[in-house]
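Subject: Structure handover

Hi,

Here is the structure I promised to pass on to you. Please open it alongside this message, and my notes follow below.

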Amino acid sequence: EPFFFRFTLSGRMGAPDRLFSDPGSHQWGEVWGMALYLPFVNGAEARDAVVMHEDSQAVCFWAGRMMPYGKLRSLPPFMEWFKPGRDKADQKVIAARVKIMLFFGAVSAVDSTKFRLTDDILDDLMDKQVAHAEFKRFEGGSWRRTAKLDADFKKWNLACHEQYDQNCELSGRLPEPLVEGGTRYVQFSRLKYGSNKSSADYAVGDAAKLGVTGDGYGSFTGDKANRTLLVKVKAFIIAEATLDAAQRAKDPLQCAGCEVLVSRLPSDLYSEASNRAFAASALRSKLPRDLTALRQSELKKKPHKLEVSFVTAGGGAGSSSGSWTGKTPDEALCIEAHAPLPHVCVVPMNGDHFKVFDWRSDFGGRVE
């Protein structure tokens with residue numbers, strides 16, 4: 001939930017005249033704000049996907065209109081709660097995951113185009129001689145005054161971290177590393193993935209539901225690039241090169257992300273010897289109620305019948321053009337002397353009499 005706040009800031013409430021060459025120019029009136037937490041999720045910082053004008057920390061609005069060049073160089077002072085030496089080092093990253101939206105009324109501190117602010121509200125907020133009328137926070141369905149907006153904000157910021165930031169905890173280091181494609185991986189037998197408030201535990205040997213987006217599956221699943229697979233967990237891996245010397249010896253190991261090595265299930269349809277790695281964030285569930293329907297769906301793909309015909313014209317072996325022509329089961333095959341033998345077309349059919357497109361012995365897309 002966003003952190004909603006508002007405050008009234010005026011440069012005329014007891015401030016000396018020398019601060020204001022243009023009387024009234026520093027009348028900010030009531031400012032409304034909304035803070036958003038952009039968590040670390042799926043192995044990446046969500047804030048990196050949000051590009052702000054000149055690294056501004058806020059999106060500004062004047063009388064309901066967005067100001068494309070309005071900017072704040074930093075968060076308001078009551079949001080700058082992290083103090084080196086007092087707070088934990090990793091909390092600096094948590095505090096940096098906040099962006100805000102500020103809504104101004106028809107204030108005069110804007111240029112004629114209403115595209116940018118002409119004064120610095122941060123300077124006025126930090127100026128001890130500029131009076132702050134009051135701060136309010138929206139909570140429980142209503143606005144309430146607060147004298148400790150900074151403490152309220154810090155509490156909200158840390159609660160967002162507990163609820164939404166997702167990390168990996170790997171444990172049960174396996175003795176043998178995995179070497180694949182010239183890359184050396186450290187292997188673990190257990191994974192705890194998620195936030196501090198909500199996480200899931202997986203172990204080697206678990207059956208799990210895996211969410212797949214593209215990643216080559218479109219080549220043998222028809223139009224379905226997005227789907228779920230039933231898999232068996234073989235190991236949790238992380239590239240050794242991404243770890244420093246201290247991390248390589250840790251067990252358990254805290255990390256931003258890792259990969260899960262899996263084989264497809266059911267094993268009587270897919271070869272357990274064929275493994276493939278996916279980001280740990282692709283794991284969806286291991287609850288039996290989530291796996292039962294998926295298992296039944298996979299079993300329906302089991303071929304019940306093979307239709308075989310001899311290809312005598314059209315595409316060659318391995319062709320996907322669909323232009324093959326074949327002899328019917330009742331028609332005799334005649335081959336002229338010295339003519340090459342024809343190819344054989346095999347079409348697997350499932351129990352519902354549909355062609356099986358994604359029944360494969362391995363991840364390589366080969367029918368055996």
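Which residues of α3 are buried? They are L149, D152, F153, W156, N157, C160 and H161. Before you go further, please keep in mind that this is a predicted model.

Staying with that helix for a moment, α3 covers residues 149-164, and its 16 residues should span 22 Å at 1.5 Å a residue.

Now for the overall picture. The protein contains five helices and 22 strands. Of its 368 residues, 39% count as buried. If you take the contacts between residues at least 6 apart in sequence, 66% of them join residues at least 24 apart. The exposed surface comes to about 20,800 Å², with carbon and sulfur atoms supplying 52% of it.

One hairpin is worth a look on your screen. Strands β12 (residues 183-194) and β13 (residues 199-203) form it, with four residues between them. The two strands pair in the antiparallel sense over five bridges.

Most residues other than glycine have a negative phi, and most peptide bonds are trans. Here are the exceptions I noted:

- D251 and P252 are joined by a cis peptide bond, with omega about 10 degrees. P252 sits in the loop that runs between α4 (245-248) and β16 (253-255).
- L265 to P266 is also a cis peptide bond, and here omega is near 0 degrees. The loop between β17 (259-264) and β18 (276-279) is where P266 lies.
- D55 is not a glycine, yet its phi is positive, at about 60 degrees. You will find D55 in the loop between β4 (44-45) and β5 (58-62). Is D55 buried or exposed? Its relative accessible area is 64%, and the cut-off for exposed is over 50%, so D55 counts as exposed.
- K114 is another residue that is not a glycine but has a positive phi, about 65 degrees. K114 belongs to the loop between β7 (98-104) and α2 (121-126).

Best wishes

Methods
Residues numbered from 1 in each chain as written. Predicted model: local features only at pLDDT ≥ 70, side-chain atom pairs only at ≥ 80, totals over all residues. Heavy atoms only, no water. Pairing = 2+ DSSP bridges. Expected span 1.5 Å × (residues − 1). Buried < 20%, exposed > 50% of the residue type's maximum accessible area, 1.4 Å probe, protein only. Contact = heavy atoms within 4.5 Å. Areas by Shrake-Rupley, 256 points an atom, 1.4 Å probe, with all protein chains shown as cover.
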